[in-house]
Amino acid sequence: MDKSVLSVGVLGLGFMLLFTAFQTMGNIEKVVIDSIARDDTTFSGDGYVSLAIIYATFAICNWLAPSVVALLGPRGAMRLGSLTYCIFTASFLWPQTWLLYAGSALLGIGAAVTWNGQGVYLSRCSNSSTISRNSAIFWAMLQASMLLGNAFVWREFSGKTEINVDTRTLLFSVLVVVALLGVFVLFGLPEHKSAHKPGRPLAEIHSAMKLLVTPKMGLLSITFLYSGMELSFFSGVYSPTVGFTNALGAKHLVGLSGVCIGLGEVVGGIACGLAGTKLRRDAILFGGYIFHAIAFATILINLPDAAVFGETDATSLLNPPSAALALVAAFLLGLGDACFNTQIVALLGGVFASQSAAAFALFRFMQSLAAASGFAYSTVLGLRFQLALLATMGALGTLAFWRVEWRTRAEAETICTETEKKSLRENEIE
């Protein structure tokens, strides 16, 4: 087997196992922590606050992580960073408020190191002709993690209206073991040496700051912020909201909702890969916003406003709410997210090819910062206000992406026209 394909397969397997633990925890954290607080009055942790700390720390440490990758190499950085995912998951076996928040901060640091190492390693084991294939393989394996972990949650939560300590202990123990298996797989990554010296972190930060004030990146910042806001909503807010809606009657819908989101991500990733050669980036991204808009409207009529905060007997416009509609909305959230992320990555790789490191650093920073903000405002904003905010930012982000895409195409056409005119003048002279 080609060493490149083998390396990407090992990388994808390691991340699939690691994120089976983390993405499952993110999806159910609010529900699980609320059940812990009911059993232990000394515990005052909040799932949204925990997730906000993770993404805020990730955003800040994203600028420092290249130094760690340069020091340890991408394999060493991923191995070190992946251990923090195990520590965070294991902390739920001994629920303490201080430990929850300390583990969240530690995970944010580890995630920044892990993802920077992943980007460097994937680029080292790829070339210009294989990077798209390798990225697609990695994406599909990574998103499969949402299917595996949440399927287990669905099974364990079936028929339960309360998540008791025995269920939680079994769930956390299994997820810790899965995360450790992911770390073990990452220790088996084949080595790929780079022919280029690593860039200086301070120089990369300076380059990113200069790029940030350009018109194109200024517009794309709106799209980046929306991608982070919808990330926080589908990954840690929506499924708990489904679980907190007592009229739906079953906690296993939390896991099933996560499965549907993961299925939407996988289907969307494959569909975008196939459509990428036939449709323009702006058309695919617009399709993603349409999927999200339908999902937002469905959620608005189906789930009560107060379900974001905890268990409620309230209902929304549809009474009683529909479990089927809740799952359809989950699938559409994943499908739309895949459209946004694949097209943002494609645009950055094409338009900012000469400044790709700085462009992707800005994208990761803004997305993570917006995700942290999303989890933070979820502690005080009801579901309806959040949906209105998401719909508005999504529309603005889509328009901003269109503007950059159209401007880029116009510039390319202008260059082609000027080149043709210059060629004609040279031919006339001859």
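Within helix H2, the buried residues are Gly 47, Tyr 48, Ser 50, Leu 51, Ala 52, Ile 54, Tyr 55, Thr 57, Phe 58, Ala 59 and Cys 61, in a model that is predicted. This helix, which runs over residues 47–61, is accordingly described as mostly covered, with 11 of its 15 residues buried. Its C-alpha atoms reach 21 Å from first to last, close to the 21 Å expected for 15 residues at 1.5 Å a residue. At the start of H2, a side-chain oxygen of Asp 46 comes to within 2.8 Å of the backbone nitrogen of Tyr 48, and Tyr 48 is itself among the buried residues of the helix.

A similar reading can be made of helix H9, which covers residues 252–275.

The next step is to see how two helices are packed against each other. The axes of H3, residues 65–90, and H6, residues 165–186, come within 9 Å and cross at roughly 175°. Angles over 145 degrees count as roughly antiparallel, and H3 and H6 are therefore roughly antiparallel to each other. On the H3 side, the residues that take part in the contact are Met 78, Arg 79, Ser 82, Leu 83, Cys 86, Thr 89 and Ala 90, and they meet Phe 172, Leu 175, Val 176, Ala 179, Leu 180, Val 183 and Leu 186 of H6. Sorted by class, this contact of H3 with H6 comprises 11 nonpolar, 2 polar and 1 charged residues.

Glu 405 lies in helix H13, which runs over residues 383–429, and because its relative accessibility is 0%, Glu 405 counts as buried. When its neighbours within four places in sequence are left aside, Glu 405 is in contact with Arg 281, Asp 282 and Leu 347.

Of the 430 residues of the chain, 53% count as buried. Among contacts in the protein chain with a separation of 6 or more, 86% are between residues 24 or more positions apart.

Definitions and conventions: Residues numbered from 1 in each chain as written. Predicted model: local features only at pLDDT ≥ 70, side-chain atom pairs only at ≥ 80, totals over all residues. Heavy atoms only, no water. Axes fitted to C-alpha atoms, helices over the stretch in contact; angles between N-to-C directions. Helix = DSSP H or I, 4+ residues; strand = E, 2+ residues; numbered from the N terminus. Parallel < 35°, antiparallel > 145°, perpendicular 65-115°, else oblique. Contact = heavy atoms within 4.5 Å. Nonpolar A, V, L, I, M, F, W, Y, C, P; charged D, E, K, R; others polar. Buried < 20%, exposed > 50% of the residue type's maximum accessible area, 1.4 Å probe, protein only. Expected span 1.5 Å × (residues − 1). Polar contact = N/O pair within 3.5 Å; in protein donor to acceptor, adjacent residues only side chain to side chain.
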